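Welcome, and thanks for taking a look at this one. Please have the model open in your viewer as you read.

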Amino acid sequence: MGVLMRRNAIVILMCVELMLNAVNLLLVAFSTLYGDSDAQIFVFFIMVVAAAEVSIGLAIIVLMYRKVQSVDINILNRLKN
Amino acid sequence: MGGMLGIVAAAILGVVMMFVGLISQKSSVIRIAGVACFLILVGVTAFDFSAIHEQGTQLYFNNMLSVGIKASWFNVLISACAFIYILIFNNHITKVGKNDAEYFALMLFIMVGVFMLSTYNHLLILFIGIEILSIPQYILAGSDKENIKSNEASLKYFLMGAFSTGILLMGITLIYGSVGSFEIGNIATAFQGEVTALPMIGVILLIIAFGFKVSAAPMHWWTADVYDGTPTAITPFMATIVKVAAFIGFINLFHGAFGNIHYSWKLTIAILICVTLFIGNITAVFQQSVKRMLAYSSIAQAGFMLFAVFALNDTAEKSIIYYGVSYTLASIGVFAVLIKLKDYTYEGFNGLGKSHPLYAITATVCLLSLAGIPVTSGFFAKYFVLTAAMEQGLWLGIIVFAVLMAAISIYYYFRVIRAMYFTSSTEEITIESNPMEQILLVINAVLVVLLGLFPQFILG
């Protein structure tokens with residue numbers, strides 16, 4: 001929900017991370033349910049990829065901040081015109 | 001051995017490309033290295049294909065990757081398309097920003113993701129493939145750092161992509177929760193007959209996540225802004241090769257893993273097709289900029305490609321490859337002419353037919369192919385995906401609807417052709433043309449026609 005409601009790019013990024021953490025927890029829970037370690041390995045992969053994604057994302061947000069001095073995504077509407 | 005050499009080669013060549021950027025700053029050296037890397041990639045995938053042709057399907061990494069004959073044929077074709085793209089656009093890619101070599105390197109890394117999506121047999125590889133496909137694209141979209149539009153496109157694409165990743169993972173997790181395995185084969189055997197709500201939600205979430213990646217309406221709103229803001233040299237790569245690869249991943253998952261529960265998701269896909277075709281085509285009619293029109297037309301084309309997901313049969317899997325290649329070549333042809341113009345509106349094309357007949361002719365052939373006029377490959381591409389849906393024998397209504405929508409699409413494609421030939425321009429269009437590029441454009445246009453005349457080359 002946070003992704004859809006918030007207007008601040010960094011907060012949206014944090015909300016996406018929350019989604020991924022929820023998935024991680026669920027995977028670990030299912031993994032104990034089935035007694036299968038596949039899902040726990042999956043969690044490691046999700047963590048790594050999430051870290052990569054965040055580093056790219058923060059770089060893009062910094063780039064944007066340098067241009068417009070703001071991280072408000074309402075500015076993105078400018079592209080439509 | 002053989003089969004996954006394509007993945008290895010693409011990853012190594014990507015690293016090599018980054019070193020080339022370190023050694024030489026000259027854009028001419030980097031361009032030659034980039035073209036060479038993609039040429040090597042085509043060679044390696046062709047070698048893979050011949051190996052698979054002899055040995056049959058190969059499994060790697062504990063059944064995580066399964067390289068079949070179709071997947072490796074797709075790899076050959078998609079790397080050939082990428083090679084053509086690099087040949088035509090390498091000059092323009094180096095003009096986008098300062099880090100020339102990195103753009104080629106990122107594209108090679110994207111190719112790793114493409115090959116993973118066509119060969120995965122495990123949901124973990126699907127997830128990693130989609131991420132390898134997407135993350136370099138966020139950077140490429142923002143590669144023109146000085147341009148605020150490019151930055152915005154990058155940020156928007158990133159936020160949408162990260163959100164859809166979350167949804168994809170949730171879908172994968174729910175599927176795992178109801179099956180207890182990530183392997184495609186195990187999922188297919190577990191899903192038979194009636195399924196409970198848990199995997200159903202998982203399937204719907206996966207449809208939404210893939211809908212984002214292939215820009216199917218109603219998850220399409222980022223597409224026009226992102227394609228518009230991205231540097232024009234990069235847009236064709238994102239709109240064609242990456243999109244087609246996402247479709248292959250989509251089909252592999254839904255035909256391989258969820259084929260037995262087709263009844264449960266076909267309605268969702270059918271609605272997606274109708275909404276995508278309608279929104280894509282109708283919005284494209286009202287665009288003033290040709291680049292935005294092409295973005296919406298790519299949404300409309302995605303609607304047609306969704307037919308291949310909808311129809312669960314052999315024809316569908318062949319036709320998506322054919323559609324992908326024909327759409328890629330045609331789009332590259334149009335973008336190659338568009339990038340030459342300063343003015344991206346329809347007026348920018350005025351009088352191009354008189355001043356630069358060669359560019360106008362190649363663009364016309366490609367536009368005709370996109371519109372699906374007979375003789376060009378676009379016609380057969382549409383014909384095959386619709387045939388696949390017909391063979392399914394269900395819901396003829398949406399096929400009729402698709403044909404109607406294709407008729408609407410002719411309007412906006414022909415608007416460009418009309419601007420080129422029947423409207424004269426007040427200003428002189430100046431295009432710096434070099435013979436090499438003209439030859440490539442002609443070859444591209446000839447390929448579009450030849451594939452239309454001999455579709456068996458790809459289908460057989």
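Predicted model: local features only at pLDDT ≥ 70, side-chain atom pairs only at ≥ 80, totals over all residues.

Chain A and chain B bury about 3,600 Å² between them, and the contact draws on 37 residues of chain A and 41 residues of chain B.

**The interface between the chains**

- Carbon and sulfur atoms give 79% of the area buried between chain A and chain B.
- Salt bridges between chain A and chain B number zero.
- Three residue pairs are in polar contact across the interface of chain A and chain B, with both residues of each pair at pLDDT 80 or more.

**The side of chain A that touches chain B**

- Helix H1 (2–5), helix H2 (9–34) and helix H3 (38–68) of chain A each provide at least two residues of this side.
- H3(A) makes the largest share, with 16 residues.
- Sorted by class, this side of chain A holds 29 nonpolar, two polar and six charged residues.

**A closer look at B:Ser24**

- B:Ser24 sits in the loop between helix H1 (5–23) and helix H2 (27–55) of chain B.
- Is B:Ser24 buried or exposed? Its relative accessible area is 15%, which is under 20%, so B:Ser24 counts as buried.
- A polar atom of the B:Ser24 side chain lies 3.2 Å from the backbone nitrogen of B:Lys26.
- Setting aside neighbours within four places in sequence, B:Ser24 is in contact with B:Val29 and B:Ile30.

Note on methods. Residues numbered from 1 in each chain as written. Chains lettered and ligands numbered in written order. Heavy atoms only, no water. Contact = heavy atoms within 4.5 Å. Buried area = accessible area lost by both parts, 1.4 Å probe. Salt bridge = Lys/Arg side-chain N within 4 Å of Asp/Glu carboxyl O. Polar contact = N/O pair within 3.5 Å; in protein donor to acceptor, adjacent residues only side chain to side chain. Helix = DSSP H or I, 4+ residues; strand = E, 2+ residues; numbered from the N terminus. Nonpolar A, V, L, I, M, F, W, Y, C, P; charged D, E, K, R; others polar. Buried < 20%, exposed > 50% of the residue type's maximum accessible area, 1.4 Å probe, protein only.
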